[in-house]
Structure formats: structure tokens, C-alpha cells
Amino acid sequence: MWLLLGYVVYLIFKGKTVNRELPKEKNAGEETHRDPVCGVYVAEEDAVVGRLEGERIFFCSMACLEKYREQVTHKE
């Protein structure tokens with residue numbers, strides 16, 4: 001019985017001392033852009049790209065792209 005209890009305590013102690021590293025960022029060097037509508041930063045490869053006067057604008061979703069288009073058309 002003491003042997004079993006000692007083994008359980010050993011496993012608990014061993015589990016607490018395991019080196020737990022934080023997960024590494026996915027593609028740490030990839031370029032990100034700020035969505036002009038909601039302010040979220042999005043990776044270039046995951047972004048929805050819109051164009052305004054030849055300039056590429058990056059959005060986190062089609063919903064933000066549509067909101068941006070509505071804002072631009074209302075200003076004109």
C-alpha cells in the first residue's frame with residue numbers, strides 16, 4: 001500500500017516538474033496587417049484582400065470588407 005501511495009506521489013511530482021514550453025507561433029516571420037474596420041491583425045496569407053484606387057487593403061473577413069465598402073460608398 002505504501003509503495004502504491006509513494007508511486008502516485010512520485011507521478012504527481014513528476015507531472016508538475018515537466019518542462020512545459022509555450023506553443024510556438026505559427027510562422028513567426030509572416031507579415032500581418034491590421035483590418036481597418038475592426039482592428040484585428042490578420043496574416044497576409046489568411047486575409048481577404050480588397051482594393052481601393054490600386055492599393056491592397058487586408059481584412060479579417062468578408063463581413064469587414066463589405067462594411068468597409070459601405071463606408072467608402074457613403075462618404076462619396
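Accessible areas come from the Shrake-Rupley method with a 1.4 Å probe, and for residues only the protein chains shown count as cover. The model is predicted, so local features need pLDDT of at least 70 and side-chain atom pairs count only at pLDDT 80 or more, while totals for chains, interfaces and linings use all residues. Residues are numbered from 1 along each chain as its sequence is written, and side-chain values use heavy atoms, with hydrogens and water left out.

Figure 1. Of the 76 residues in the chain, 17% are buried; buried means under 20% relative accessible area, exposed means over 50%, and partly exposed lies in between (1.4 Å probe, protein chains only).

Figure 2. Helix α2 runs through residues 62-75, and its 14 residues reach 20 Å from the first C-alpha to the last, close to the 20 Å expected at 1.5 Å a residue; the expected span is 1.5 Å times one less than the number of residues. The buried residues of α2 are Cys-64, Leu-65 and Tyr-68. They lie on the same side of α2 because they cover an arc of only 100° around the axis, the arc being that of the directions from the helix axis to the C-beta atoms. Strands β3 (48-52) and β4 (55-59) are included in what covers these buried residues, whereas the face turned away from the buried side carries the exposed residues Thr-73 and His-74.

**Figure 3. The salt bridges of the structure.** Side chains of opposite charge can pair when their charged atoms come close. A salt bridge is a side-chain nitrogen of Lys or Arg within 4 Å of a carboxyl oxygen of Asp or Glu, and a search of the whole structure finds two of them. In one, the side chains of Glu-44 and Arg-56 meet at 3.5 Å, N to O. This pair links distant parts of the chain, with Glu-44 in the loop between β2 and β3 and Arg-56 in strand β4, twelve residues apart. Glu-44 is partly exposed at 31% relative accessible area, and Arg-56 is partly exposed at 39%. Arg-69 forms a salt bridge with Glu-66, and here the closest N and O atoms are 3.3 Å apart. Because Arg-69 and Glu-66 are three residues apart in helix α2, about one helical turn separates them. Both are partly exposed, Arg-69 with a relative accessible area of 45% and Glu-66 with 35%.

Figure 4. Val-42 is found in strand β2 (residues 41-43), and with 8% relative accessibility it counts as buried. Leaving aside residues up to four places away in sequence, Val-42 touches Glu-31, Thr-32, His-33, Ala-47, Phe-59 and Cys-60. Val-42 and Glu-31 are eleven residues apart in sequence, and their C-alpha atoms are 8.6 Å apart in space. Val-40 is located in the loop between β1 (32-34) and β2 and is partly exposed, with a relative accessible area of 40%. With residues up to four places away in sequence again not counted, Val-40 touches His-33, Arg-34, Asp-35 and Cys-60. The C-alpha atoms of Val-40 and Phe-59 are separated by 8.3 Å, although the two residues are 19 residues apart along the chain.

Figure 5. Trp-2, Leu-5 and Val-9 make a nonpolar surface patch of about 390 Å². Patches are made of residues with over 30% relative accessible area and no salt bridge, where like charges are joined within 9 Å and nonpolar side chains (Val, Leu, Ile, Met, Phe, Trp, Tyr) within 5 Å. Trp-2 lies in helix α1 (residues 2-16) and is exposed, with a relative accessible area of 73%. Glu-53 lies in the loop between β3 and β4 and is exposed, with a relative accessible area of 82%. The phi of Glu-53 is near 55°, which is a positive value in a residue other than glycine. Most residues other than glycine have a negative phi.

Methods: Helix = DSSP H or I, 4+ residues; strand = E, 2+ residues; numbered from the N terminus. Contact = heavy atoms within 4.5 Å.
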